[in-house]
Amino acid sequence: MLSTLRIRHIGVIEDALLEFGPGFTALTGETGAGKTMVVTGLTMLLGGRLDSRRAGAASTIDGTLRLEGHDALAAALDELGAEEEDGEVLVVRRTTRDGRSRAQIGGVPVPIGTLARLVGSAVTVHGQSDQQRLRDPDPQREALDAFAGERVLSLVSAHRELWTRREELRSERRRLAELIAEGQRRRTALTSALERLEALDTRGGEDDELRAELDRLAHAVDLRAGAERASLALAGDEEASAGALIDIALTAVRSAAGTDPLLAPLAERLDALRLEASDIAAELGRYADGIDASPSRLDAANERLHELTLAVRDLAPVLGGGDLTSLLESSRTAAADLDRYDGAETRLAEVDAEIAGLDPELEAAAAALTQARSEAAQRLAAAVEEELAQLEMPAASLAVEVVGTTHRAHGRDEVRILLAPHPGADHLPVATAASGGELSRVMLALEVALASSRDDATAAPVFVFDEIDAGIGGKAALAVGQRLARLAQHAQVIVVTHLPQVAAHATTHLRIVKTASEGTTSSTVESLEEGARVHELARMLAGSDDSELALRHAAELLGAAQASAAGRAAAPGSDR
C-alpha cells in the first residue's frame, strides 16, 4: 500500500503532500490544476523519466510504501539493507533540470533500474497510452496465469525447472561437442607435428651448432691461417719456436739439477710443458686441416639451418617451445596433452541420453500447461465478460485464446485477449478492436477479474489509473466507478478522474487546487470531507459548486455510492 506521496517542484506543484487511503482514492481538480503531475510523480517512483520542461531547479518525489503482505519485496529490501519504520519504507527520487537523477530506498542509494524493479513489483500505473497488458502477448499470458492461480503457476514452475535443466544440458552438450572437435583437431595436428619432427632426424642444440659452424665457415681462411701459425710457433722447425726454446731450458735445468737436486721438480715441469706444447700444436694442426672452406659445405649448413628454423616456426604453436631444444622436449610430453579430452565422448553420450529422457517429460509438462491454460482462459473470458456487462458493455464478447508458439521456458503458449465489441463483429486483439473508452473498461474489467481471483488479500497491489474514464460518460461512468470500488476491495486504487460518477465511489477524495498569485501559478492538495466532497462533485457536474440543483444531484450521487459501498461491505460480491 502507498501511504503518502510528497511532490516538490514538478510542473505547477511546488510542494504537495498526498495521503492515500487503503481502498479507493480519487484525485480531482480543474483542468490544468496538476492532476497529471501526481501520476508523473508516481511514475518517477517507478523509475520513469521527468520531462525537463516540467522540472524546476530540482524535483523531488517521496513515497511511503507499506510492506505488509509484500513478503518478496520486504525480503529484497532487507537484503538491500534498506531501513524501514513501523512496516513502512521511504522511497525518494530526485532529479535536476539537466537530467541527473538519484534514487534511494530506505536510505540506501540504488540505480534507477533497481528502483523500477522493486517498487514496480507493488505499484502498477495504468494510463490511456500504456495498457501493455492488453497489447503484448507476454503480459496477457502472465495475466491468465495469475488468474488461474496455483494450479497453473505450479505447472509453470515445474515446466520451467525441466526447461532450465534441458537448457543446461544443451549448453553442456555444445561445450562437449566443441571439446571433442577440438580434441580431434589437436590429435591430428600433434600427429602431423610429431611425424615432421621425426622426419627431421634432429637433436637438441643442432641449430646452435649449425650457427656456430656457419660462423666458422664464414671465417675459414683466417681461422686456418691462425691455427697453422700458432702450431708452427709452438712446435715448428725454427729455433725460435716455443718447443725448441723449452728444450733448451729443459737441458739447462737438468744439467744444473745434477749439482742441486732442488731443481729436479722444475725440470719435470719443463718436460711436461714441452709435451703440452707439442700436443697443442698437434691439435691446432688437426683443427686447421679439419676446416672445410668449400662452398658446398656452406650451402649444406645454410640449408639445414633453414629447414630447422622453419620447423620451429611451424611446430611451436602446436608443440610449444621457442627453439629446437624446447620443441623436442615438448614433443616428448605431447601425448599427455590429449588426456583432457578423454571422457568427453562418454559424457556426451550420457548428456544425450538425459536430454532424450527429458524431452518427453517437457512435452508432457507443456501439454498439461496448455490444457490448464485453456480451461482457465474460458473462466477468465467469462469473468471479464461479466465485468464488462456491469461496465455498460453487455453485448461485448471477449475471448481469451491460447495458441501454440515457439517453445520457451514458460511453455509453448501464446495468449491473446480478443474482443468483439458488439454482435456481428469479429474477435480482434483488444488494442485494435476497442475504442479508447472501451479499452479502458476492458482493462478495468480484467484487473477486477484478476484481483477477485486472488486468494491472498494481504499483498494487495497498488493500481494507479490516469483518467481511465476518458471517453465515457453517463451510465458507463457510473459503472466504472462501481467496478473501481469493487477492485478496491482487493487492491489499493488511486484514480485521476474528471467524472463525478467515478469520484463519488472513492473512500478518500483528494482535490488538486490551483492558485495564481503575482503572476505565478501553483497547486496544492486538499483532502475533502463530506461537505467539501459534495461541493467538488457539484463543480464536476455543473462547472460550479454553488448550484442548488448540482449540489442536490451531487449529494444524491454521493449517497448512492456510499450505500453501494455499505452493501458490498455487508455482502461482498453483491454488486455483481
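The legends below describe close-up views of a predicted model.

**View 1. The largest cavity and its lining in the predicted model.**
The search of the whole structure returns 1 cavity of 30 Å³ or more. The volume of the largest cavity is about 50 Å³. Its lining consists of Leu2, Leu42, Leu45, Leu46, Leu65, Val91, Val119 and Val123. Sorted by class, these lining residues are 8 nonpolar, with no polar and no charged residues.

Apart from residues up to four places away in sequence, threonine 64 touches Met1, Leu2, Ser3, Thr4, Glu88, Val89 and Leu90.

**View 2. Salt bridge between aspartate 208 and arginine 211 in helix α6.**
Side chains of opposite charge can pair when their charged atoms come close. Here the side chains of aspartate 208 and arginine 211 form a salt bridge, with an N to O distance of 3.1 Å. Both residues belong to helix α6 (residues 206-218), where they are 3 residues apart, or about one turn of the helix. Aspartate 208 is partly exposed at 47% relative accessibility. Arginine 211 is likewise partly exposed, at 39%.

**View 3. Salt bridge between arginine 304 and glutamate 307 in helix α10.**
The closest N and O atoms of arginine 304 and glutamate 307 are 3.2 Å apart in this salt bridge. The two residues are separated by about one helical turn, because they are 3 residues apart in helix α10 (residues 295-319). Arginine 304 has a relative accessible area of 19% and is therefore buried, the limit being under 20%. Glutamate 307, at 38% relative accessibility, is partly exposed.

**View 4. Salt bridge between arginine 347 and glutamate 350 in helix α12.**
An N to O distance of 3.2 Å is found where the side chains of glutamate 350 and arginine 347 meet in a salt bridge. Helix α12 (residues 344-390) holds both residues, 3 residues apart and about one turn of the helix from each other. Glutamate 350 is partly exposed, with 42% relative accessible area. For arginine 347 the relative accessibility is 26%, and this residue is partly exposed too.

**View 5. A network of salt bridges that includes Arg408.**
The network links Asp138, Arg141, Glu142 and Arg408. For the structure as a whole, the count comes to 35 salt bridges.

**View 6. Methionine 393 in the loop between α12 and β9.**
Methionine 393 is located in the loop that runs between α12 and β9 (397-408). Its relative accessible area is 6%, so methionine 393 is buried, the limit being under 20%. Contacts of methionine 393, leaving aside neighbours within four places in sequence, are Leu388, Glu438, Arg441 and Val442. One of these partners, arginine 441, is 48 residues away along the chain, and its C-alpha atom is separated from that of methionine 393 by 8.6 Å.

Note on methods:
Residues are numbered from 1 along each chain as its sequence is written. This is a predicted model: local features need pLDDT of at least 70, side-chain atom pairs count only at pLDDT 80 or more; totals for chains, interfaces and linings use all residues. Side-chain values use heavy atoms; hydrogens and water are left out. On a 1 Å grid over the protein atoms alone, a cavity is a set of points where a 1.4 Å probe fits but cannot get out, and a pocket is an open set with protein on both sides within 12 Å along at least five of seven lines; lining residues have an atom within 4 Å of a point. Grid points are joined across faces, edges and corners, and a volume is the space filled by probe spheres set on the points. Ala, Val, Leu, Ile, Met, Phe, Trp, Tyr, Cys and Pro count as nonpolar, Asp, Glu, Lys and Arg as charged, and the others, Gly among them, as polar. Contact means heavy atoms within 4.5 Å. A salt bridge is a side-chain nitrogen of Lys or Arg within 4 Å of a carboxyl oxygen of Asp or Glu. Helices (H or I, at least four residues) and strands (E, at least two) are DSSP runs, numbered from the N terminus. Buried means under 20% relative accessible area, exposed over 50%, partly exposed in between (1.4 Å probe, protein chains only).
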